[in-house]
Amino acid sequence: MQLGMIGLGRMGAGMVRRLLRAGHEVVVADLSAQAVADVAKDGAVGSSSLEDFVKKLKGPRAVWLMVPAASVDGMLAKLTPLMSKGDILIDGGNSYYIDDIRRAKELNAKGMHYCDVGTSGGVWGLERGYCQMIGGENDIVKHLDPILKSLAPGIGNIDRTPGRDKKPSGTAEEGYLHCGPSGAGHFVKMVHNGIEYGIMAAYAEGLNILHHANVGKKKSEVDAETTPLRNPEHYQYDFNLTDISEVWRRGSVVASWLLDLTAISLFQEPDLKRFGGRVSDSGEGRWTLLAAIDEGTPCPVLSASLYQRFTSRGEDEFAGKLLSAMRFQFGGHLEKAAGK
């Protein structure tokens, strides 16, 4: 099957190469001519402009956008005038599902179709495959099935859920799922990423407790501004976090792919010196909380993990200054130097 791919970043280029390996024809476009040339070496059909890109696609065209969420509307504004009725536009990035609902209506009014595909797999997807959560019209999703199936990981060596072999299982076991109408794919991916934030925060916080389990060996300040460590003899452990993360991978109930990646990171660099600890968020965690508020659904773990990312970027600095100011005003408390 032929597909057009716009956006050849870390995931887009990998997806193109996976499709090429499966025998599909992929026409590509990117702001970087070098990125186009790189995948063209592997068999993709390059293009020099959006006009050239669209001309090289056979109707009805299927175009997959793998661009940042903030760039989707701008790209659609440039692309849709070049396309025809019956063409399909697919947003495989991390767009807000509410934007998908609007875009689908706008494109349907022009006789075009729109699918939203929440895509998970990161830089490992080329070899492992990409988990896909899909929203859109039934017939259009079925039409795209050869592409979706080739991108997906397949059943692989994961044990089947007990009982699924006795019932029609659809495509979920293959690693891709039509979740519902427009917006459904990105809604499910949005919550997926919210959960991801929470799991990542849990590993980070737990391993940080282990990292500081030797606090009893350190000399602490004795003053009115420092909480005394009551029983320093209880905190005399120098834990090997590289080995702990590894042993947790083996038969533990907290084993997961994210733990696998944590173990890789700690093995490669136990002190994580090349990281500053500034953690970004790309929007899905925030949108998950907005949905939870609208639904009246409690999600304290997911919300705390998002706020922790804000803290990592220094967004709480002014609040900390205010706390220090209030302590100074009511009790004459002076700030201790950082690190004390």
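Where is the place of His-24? Select His-24: the residue sits in the loop between α1 (10-21) and β2 (25-29). Helices (H or I, at least four residues) and strands (E, at least two) are DSSP runs, numbered from the N terminus.

Before going on, note that this is a predicted model: local features need pLDDT of at least 70, side-chain atom pairs count only at pLDDT 80 or more, and totals for chains, interfaces and linings use all residues. Residues are numbered from 1 along each chain as its sequence is written, and side-chain values use heavy atoms, with hydrogens and water left out.

**Stop 1: around His-24**

His-24 is buried, with a relative accessible area of 10%. Buried means under 20% relative accessible area, exposed over 50%, partly exposed in between (1.4 Å probe, protein chains only). A polar contact of 2.7 Å joins the side chains of Ser-150 and His-24. Such a contact is a pair of N or O atoms within 3.5 Å; within protein, one must be able to donate a hydrogen and the other to accept it, and residues adjacent in sequence count only if both atoms are side-chain atoms. Leaving aside neighbours within four places in sequence, His-24 also has Met-1, Leu-19, Pro-146 and Ile-147 among its contacts (heavy atoms within 4.5 Å).

**Stop 2: the sheet**

Show the strands. Seven of them form an open sheet in the order β2-β1-β3-β4-β5-β6-β7, with mixed pairing. Two strands pair if DSSP finds at least two bridges between them. β2 and β7 (176-180) are the edge strands, each pairing on one side only.

**Stop 3: strand β3**

Select residues 62-65. Ala-62 and Trp-64 point one way, Val-63 and Leu-65 the other way, and all are buried. In a regular strand the side chains alternate between the two faces of the sheet. Three bridges join β3 to β1 (residues 2-6), running parallel. Look for Met-5 opposite Trp-64. On to β4 (residues 88-91): four bridges join this strand to β3, again parallel. Asp-91 in β4 is the bridge partner of Leu-65.

**Stop 4**

Select β6 (residues 131-135) with β7. They pair in the parallel sense over four bridges. Met-133 has Leu-177 in β7 as its bridge partner.

**Last stop: Lys-219**

Go to the loop between α9 (184-211) and α10 (241-248), where Lys-219 has its place. Is Lys-219 buried or exposed? Lys-219 is exposed, with a relative accessible area of 85%. Finally, pick Val-27: its C-alpha atom and that of Lys-219 are separated by 63 Å, with the two residues 192 residues apart along the chain.
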